Number of protein chains: 2
Amino acid sequence: MTKPRINTMEELSVAIGVSRPTLSRYFQDPTRVKEKTVKRIEAGLAQVEYIPNFFATRLNRKSTGIIGVIIPYLNDLFFTKLLESVEVAAMDAGLTVITQCSHSDPAIEARAAETFMSMNVDGALVAPLGDHSDQAVHQRLKSRLPFVLMDSRPTTMPDVDFVGTNHAQSTGLITEYLCRVGEPPAFLAMPRVNFNALEREAAYISQMKMLGFEPEVLGAEQISEGAHFEEHGEAIMDTEFARGKFTDRSILCVNDRVAIGAIRAAARHGLTPGRAAKGGLRIAGHDDYPLCPYLNPSLTTVAQNTDAIGKKAVSRILEIIRGDVNEGAPQITLFDGSLKLRESA
Amino acid sequence: MTKPRINTMEELSVAIGVSRPTLSRYFQDPTRVKEKTVKRIEAGLAQVEYIPNFFATRLNRKSTGIIGVIIPYLNDLFFTKLLESVEVAAMDAGLTVITQCSHSDPAIEARAAETFMSMNVDGALVAPLGDHSDQAVHQRLKSRLPFVLMDSRPTTMPDVDFVGTNHAQSTGLITEYLCRVGEPPAFLAMPRVNFNALEREAAYISQMKMLGFEPEVLGAEQISEGAHFEEHGEAIMDTEFARGKFTDRSILCVNDRVAIGAIRAAARHGLTPGRAAKGGLRIAGHDDYPLCPYLNPSLTTVAQNTDAIGKKAVSRILEIIRGDVNEGAPQITLFDGSLKLRESA
DNA sequence: CTCCAATATTTACGTATGTAAAAAAGGGAG
DNA sequence: CTCCCTTTTTTACATACGTAAATATTGGAG
């Protein structure tokens, strides 16, 4: 039952009577070995248990075939969706993906970057920590290896390739929709600054002005330190609703998780946001968080094209690896958001 | 500004005038080098950019200091919570964590296991794919390295250490609660069998019988192939509610994501589940999915102690690595669930 | 049977570091 | 100043495989 275990390619070569260099070629690309020999090797492999050593194979190759991915949090379905798209695209390209999570900590992010550099990774794909990533670390990554930023674009890294969403378009789109169909919306922000959040806020303000309305931002003050998105949205709107404010208004939330909190606050005050509902309260979000269709009411939002972002990030990394780089201007790819009309607005 | 880059420890040793073996000892454990020498090395390192090669360092060590973790999906906050707990615990223990996701595919899970074996990982922590993991792969993992299963325990792997939730207790607890406070519940299942789901269903049935009630299971038939949890819960309950059935009943869902779908179906039929609500409909879940408090109504459920599970899984792996193993019986650790009373039941 | 081309083997060296043993250097006590 | 112990250096080999060049083998065509 249990096959004899073979630890090195050397042992394997004597066991099945094929030279080690030939085996080496076989494991890297079987087509580089004559078919008859391939058969013999495979027959031999079926008789024993042998796995080439990961470290030894990577140590002396020009290319490790690994790409490193960093995401900022795990407890957010937006990033897991993005990560899924990246992992699938990378797998299709025959790459090994090593994923690290920053856990909201710049020091952990920096360590992950070090790890990637120490592995001579073929490229790094990073969704940064927004405001407080360590810029020096990113600069070193860029100077050492193909490097593409995803999702959030720090203003301090203007010279790095980026793939993300066109927030001016996406936020403009939903702002315009809300204005067209009902009361001009207020914007529910998050205080801990993040570049996407800032871009969305700016896009909201500019769109409102263009349409001739007065922008109004709330939630910029921190209620409880380290609050999660939902908690923040609920706390801010609970306070407002308790004062009798905003109960008949439109509220555009900086993202869906904040909107989930806002909807919850509404429910606690007996309010049901919706374009068809009485009272005039409407709540909308941004991102198309996977649970949006299942909320009560279901959440109207703008979808980010995470799948396109993940695929493009991988294909761009591959381009850079192959040397197809335009020295000079970085490549910035922004995907449009698409409106998801549901019940809440 | 930009420091000279040094690629090998050899170069570094000539650059700062310390022998390579001393540097090697320093990088593995600075306390094994005299303090004065440490200072000299650190002063030297500050002048240059050098990162020890990850592969070379791991190639010839007895211990790689790496543990491999496999989770079945990314798009589920339960697993990301568990993963977070594992990663933090492992980091605290000074281990490097390599995480791979099976993406619901046994072949990908198998490849991840191969990768771990090829890396001579110190140990593997696996949350299996439930029903359709490749047993042979798990057996090889167990025979090769310290191996602990998390979350779901395949009946085919009775001899492997396991850390998870005591579903008899947790499901019994909420079943008893529902029976005590209102109508005895029906059980909303998922058709694609998973060991946890089966255990919960069995626990529900046994608790109902013990309390003298007739168990009733629904949702065991597949409505749409490959449906997600929420979709399934919504589809099943939508059908039932449309027939006028279960509208005044208690429903215990196999997990929170199914419950989210069930609540959504209720809302679409103008029903509001809740212990305080009229009509008698109540919906409860299992797991304490992070969004439970923010649903409308907020979801009554049983929390799994994911933090304890993650920590224990890591500490158990460390025990095995250190050789503190009881040959013979596997160590099975089950944590109790705790009731989370909210609005929905 | 011979020759040629394709393929495989042999040989030798490279990758960046771990590790062990022997030799040398350093520092403090007497 | 010498002896002894600690620390470092020197030396040498190990890890498991990639890679390149020279040599040997194989198989088919003529």
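## Strand pairing in chain B

In strand 2 of chain B, B:Q100 is the bridge partner of B:I70. Strand 1 (residues 66-71) of chain B pairs with strand 2 of chain B in the parallel sense, over 6 bridges; pairing requires that DSSP find at least two bridges between two strands. Strands (E, at least two residues) and helices (H or I, at least four) are DSSP runs numbered from the N terminus. Because 5 of the 6 residues of strand 2 of chain B are buried, this strand is largely enclosed by the rest of the structure. A residue is buried if 20 or more other C-beta atoms lie within 10 Å of its own, exposed if 12 or fewer, and partly exposed in between, with C-beta atoms placed from the backbone.

## Model and confidence

This is a predicted model, in which local features need pLDDT of at least 70 and side-chain atom pairs count only at pLDDT 80 or more, while totals for chains, interfaces and linings use all residues. Residues are numbered from 1 along each chain as its sequence is written, and chains are lettered from A and ligands numbered from 1 in the order in which they are written.

The predictor's confidence in each residue, pLDDT, runs from 0 to 100. Chain A has a mean pLDDT of 92, with 98% of its residues at 70 or more. Within chain A, confidence is lowest in helix 3 (residues 35-47), at a mean of 90, and highest in strand 10 (residues 301-303), at 98.

## Relation and contact of the two chains

Ala, Val, Leu, Ile, Met, Phe, Trp, Tyr, Cys and Pro count as nonpolar, Asp, Glu, Lys and Arg as charged, and the others, Gly among them, as polar. Since 100% of the interface residues of chain B are also interface residues in chain A, the copies meet through the same surface.

## Surfaces near the DNA strands

DNA strand C is surrounded by 25 residues, of which A:T22, A:K34, A:T37, B:S24 and B:N53 are the closest. A residue is near a strand if its C-beta atom, placed from the backbone, lies within 6 Å of it. Helix 2 of chain B supplies the largest share of this surface, 4 residues.

Around DNA strand D there are 24 residues, and A:S24, A:N53, B:T22, B:K34 and B:T37 come nearest. Here the largest share, 4 residues, comes from helix 2 of chain A. The surface near DNA strand D has 10 nonpolar, 11 polar and 3 charged residues.

## The surroundings of A:V148

A:V148 lies in strand 4 (residues 147-150) of chain A. This residue is buried, with 25 other C-beta atoms within 10 Å. Leaving aside neighbours within four places in sequence, A:V148 is in contact with A:L125, A:D161, A:V163, A:A313, A:R316 and A:I317. A:R316 is 168 residues from A:V148 in sequence, yet 7.7 Å away in space, C-alpha to C-alpha.

Note on methods:
Two residues are in contact if their C-beta atoms, placed from the backbone, lie within 7 Å.
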